[in-house]
Amino acid sequence: MRALVVWACALAVGSAALAQEPSKAVVVWQQADLAKLQDDDLARYAGDAAYLEGITVQEVRFSENGFDWHLIRFANSEKPIGPLWAVPHDDENAAFEAAMAAVKTYGGTVIAVNSGPYSERYQKGRGTCGGRAAIVTRCDPNRNFSESTPLFSKAHIDMLEAGQPIIALHTNSPGFGPGRGNITILDPASAAKGINRPRTDGYFGANQPDLLQDYDSYAIMPYRSTTLRPNDVQCRTAMVQRGVNVWHEKVKASDGSFSNYVELSSHGLRYVNMESRREPNLAVAAERHKLMIDAYMSGCNSIYIQVQSLGD
Ligand SMILES: [Zn+2]
């Protein structure tokens, strides 16, 4: 009889959990087998025995909504407490370079989407991407963050320590021109008339070093209330003083990006995205990332940690 009761309770708890809390789904990370790991980013360092010194490498593969995902994470074993460095686009190789340099300097964990053995931007498959209803054959990883993709979305933040920032790293092609989108700090309408001024909620960096004198390279901080948070304003001021262009992105409905997901569904997490213009030389774009990261870590980290320790 007792066994039957326990069994019945387990069933009830199990079905209630499934019905009400699908977001509790988690993935199980495994120690990566580096000899078998096919990744173009690591392949660039195949001859460098010291590249992963002090770094533990884990990976996870799972299928969700018709897409097979492979995520790799790199943790600083001596300094595990630190930012979460996110690289969602496998074709943005400079972002990977910058993330690995940053985790070695500042600690924490890198999480990178490996969309295939080569540098591919989209995950191929057949299913729904980011909770949108349409059946598609490719999914942009940075449009797949959603309550409908709990495995993918939670896997990105399950190593995040309280109080630590999520720092996403991207590269982009120059902002204006046919088919190039509008990845730029500039106001598009003014730029079309030849006037370069920052877009709404955008700020040009002051006294910029040469590398940061670029309208397509800037930090993006999401917000969703009617006014900016005071600590975000302080952080922006600190970064602008260090030469970084900054845009406060107002988020209303999620577009499936990591920033929108964090801002809309996970209160209290802080997120910044460093966009660096793509360059023929990976090291140049990654160096620009580094300048923005250094500005954030020296100018902003203490602002948030101080506020948090005061109980905000
Ligand atoms: Zn990207």
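1. Let's start with how two helices meet. In this predicted model, helix 3 (residues 93-106) passes helix 8 (residues 282-299) in a right-handed crossing. The two pack at an angle of about 45°, and their axes are 8 Å apart. That angle makes helix 3 oblique to helix 8. If you want to find the contact on screen, helix 3 brings N93, A94, A95, E97, A98, A101, A102 and Y106 to it. From helix 8 come L282, A285, A286, H289, K290, I293 and M297.

2. Helix 3 also has a place in a β-α-β unit. Together with strand 4 (residues 84-87) and strand 5 (residues 109-113), helix 3 makes a right-handed unit of this kind. Strands 4 and 5 run parallel and are joined by four bridges. For a landmark, look at W85, whose bridge partner in strand 5 is V110.

3. Strand 3 (residues 67-76) pairs with strand 5 in the antiparallel sense, over five bridges. Here A75 stands opposite T109.

4. How much of strand 5 is covered? Strand 5 is mostly covered, with five of its five residues buried. T109, I111 and V113 point one way, V110 and A112 point the other way, and all of these are buried.

5. Leaving aside residues up to four places away in sequence, T109 touches R73, F74, A75, L84, W85, V103 and M159. Another residue to check is L160: its C-alpha atom and that of T109 are separated by 8.2 Å, although the two residues are 51 apart along the chain.

6. Next, a residue from a loop. S119 lies between strand 5 and strand 6 (123-127). Is S119 buried or partly exposed? S119 counts as partly exposed because it has 16 C-beta neighbours inside 10 Å. Beyond residues up to four places away in sequence, S119 touches D40, D90, D91 and N93. Of these, N93 also takes part in the contact between helix 3 and helix 8.

7. Seven of its seven residues are buried, so strand 12 is largely enclosed by the rest of the structure. Y271, N273, E275 and R277 point one way from the strand, while V272, M274 and S276 point the other way. Do note that E275 and R277 are among the buried residues.

8. Finally, the chain as a whole. There are nine helices and 12 strands. Of the 312 residues, 37% are buried. Among contacts between residues at least 6 apart in sequence, 69% join residues at least 24 apart.

How values were computed. Residues numbered from 1 in each chain as written. Predicted model: local features only at pLDDT ≥ 70, side-chain atom pairs only at ≥ 80, totals over all residues. Buried ≥ 20, exposed ≤ 12 C-beta atoms within 10 Å, placed from the backbone. Pairing = 2+ DSSP bridges. Right-handed = clockwise from strand over helix to strand, strands pointing away. Axes fitted to C-alpha atoms, helices over the stretch in contact; angles between N-to-C directions. Parallel < 35°, antiparallel > 145°, perpendicular 65-115°, else oblique. Left-handed = near helix turned anticlockwise from the far one by under 90°. Contact = placed C-beta atoms within 7 Å.
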